[in-house]
Amino acid sequence: MADKNMSILVVDDFPTMRRIVRSLLKELGFNNVDEAEDGQEALNKLRAGGFEFVVSDWNMPNLDGLSMLKEIRQDDALSELPVLMVTAEAKKENIIAAAQAGANGYVVKPFTAATLEEKLDKIFEKLGK
Amino acid sequence: MSGETQPENSADGAPADELIHKIGKMTRMLHESMRELGLDKEIEKAAEAIPDARDRLSYVAAMTEQAAERSLNAIDQAQPLQERMESGAEKLDQRWEEWFAAPVELDDAKELVKDTREFLRDVPTQTKATNAQLLEIMMAQDFQDLTGQVIKKMMDVIREIEQQLVQVLIDTAPESHNKEELQQLADERSRKPQKGGDELLNGPQIKPEGTDVVNNQDQVDDLLDSLGF
């Protein structure tokens, strides 16, 4: 059973989407949620420490989700951080690139609450949380 | 002056149809020059981008309509639930009022108590159902992110069109205008940091055809499975 107090970072350049993901996480019992509006801000927050999970969009200004993911995997302190991509990017090459870069899951927009829950659970299961 | 429909003479006295002939020749020359400079290709590109912009707008319209319908449908589902709960509670309350005003036989009270307990037991079911509709309305707001991304892309397309057309104007401007100044202005306005490697930043797919696109979460899952992830 995943720790409901887990600290989660939601990354998306659209505030509406951040709000929706936050609400869905709240429905699932996760209230310890912070937000970032692009990959760079996210990395800064992650490096400051304390986060256990990342839910991130791809297409963002300053630093996009894939580049951010690659930086996370290369950072010793962050390399094991679970990252779930939630994005409108729906070309096969996107999915392949994300998987190869080390994403733990891929949810394509528009998505349902059930899908988000399912993918989160799948990641928790694999991580033995 | 006179009521004649005779064409008027131009300044140097040449008849009007000779003038028209000259204009025709100049137009042809302009067309040729544009072709030689490759400017007609620029205009063609700009024109080709317009159907794409139209598709994007149509996508935005479709998404916003869908979101509105989804929300309104959810509201249609939730309102009767609320109304039923409200009237149920009012009826029970009325019966309790009457009972307290004139406390009656145990059997009648038992009936009221039973009904009240049943109502209370049903409340969580009704509120859960309403909550589910509220969740549906919240999820329906996801259109804003998708349409926002498409609109951003469209702004890029429009900027591109504008650039092409301005460039054509500059290149065909008569020498009396300060071309360099105009070019500078155009360059400034068109300045947009070009990111390399944008091939993976396409935004939402507005046309779900094509073999290199996935259309739903199931296809994403299948692809990941096939790759062993």
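Predicted model: local features only at pLDDT ≥ 70, side-chain atom pairs only at ≥ 80, totals over all residues.
In the UniProt record, an unreviewed entry, the feature "domain: Response regulatory" is placed at residues 7-124 of chain A. Over residues 7-124, chain A is 47% helix and 18% strand.

Asp57(A) sits in the loop that joins strand 3 (53-56) to helix 3 (65-74) of chain A. Because 28 C-beta neighbours lie inside 10 Å of it, Asp57(A) counts as buried; the cut-off for that class is 20 or more. Setting aside the neighbours within four places in sequence, the contacts of Asp57(A) include Val11(A), Asp12(A), Asp13(A) and Met17(A). Gly65(A), Val86(A) and Thr87(A) are also in contact with Asp57(A).

The loop between strand 3 and helix 3 of chain A also holds Asn62(A). Although Asn62(A) is not a glycine, its phi is positive, at about 65 degrees. Asn62(A) has 14 C-beta neighbours inside 10 Å and therefore counts as partly exposed, whereas Asp57(A) is buried. The peptide bond leading from Lys109(A) to Pro110(A) is cis, and its omega is near -5 degrees.

Of the 229 residues in chain B, 9% are buried. When contacts in chain B between residues at least 6 apart in sequence are considered, 76% of them join residues at least 24 apart.

Helix 2 (residues 39-101) of chain B takes part in two helix pairings described here. With helix 3 (residues 106-140) of chain B, helix 2 packs at an angle of about 165 degrees, and the two axes are 9 Å apart. This angle makes helix 2 of chain B roughly antiparallel to helix 3 of chain B, as angles over 145 degrees are classed that way. The crossing of helix 2 with helix 3 of chain B is left-handed. Their contact is made up of 15 nonpolar, 8 polar and 4 charged residues.

The other pairing brings in helix 4 (residues 143-171) of chain B, whose axis comes within 9 Å of that of helix 2 and crosses it at roughly 160 degrees. Helix 2 of chain B is thus roughly antiparallel to helix 4 of chain B. Here, too, the crossing is left-handed. By class, the contact of helix 2 with helix 4 of chain B has 19 nonpolar, 5 polar and 7 charged residues.

Finally, the two chains meet. In the model, 29 residues of chain A are in contact with 25 residues of chain B. On the chain A side, two or more residues come from each of helix 1 (15-27), helix 4 (92-101), strand 5 (105-108) and helix 5 (113-127). Helix 4 of chain A gives the largest share of this side, with 7 residues. Sorted by class, the chain A residues that touch chain B are 16 nonpolar, 6 polar and 7 charged.

Note on methods
Residues numbered from 1 in each chain as written. Chains lettered and ligands numbered in written order. Buried ≥ 20, exposed ≤ 12 C-beta atoms within 10 Å, placed from the backbone. Contact = placed C-beta atoms within 7 Å. Helix = DSSP H or I, 4+ residues; strand = E, 2+ residues; numbered from the N terminus. Nonpolar A, V, L, I, M, F, W, Y, C, P; charged D, E, K, R; others polar. Axes fitted to C-alpha atoms, helices over the stretch in contact; angles between N-to-C directions. Parallel < 35°, antiparallel > 145°, perpendicular 65-115°, else oblique. Left-handed = near helix turned anticlockwise from the far one by under 90°. UniProt positions renumbered as here; feature names shortened; annotations may be inferred.
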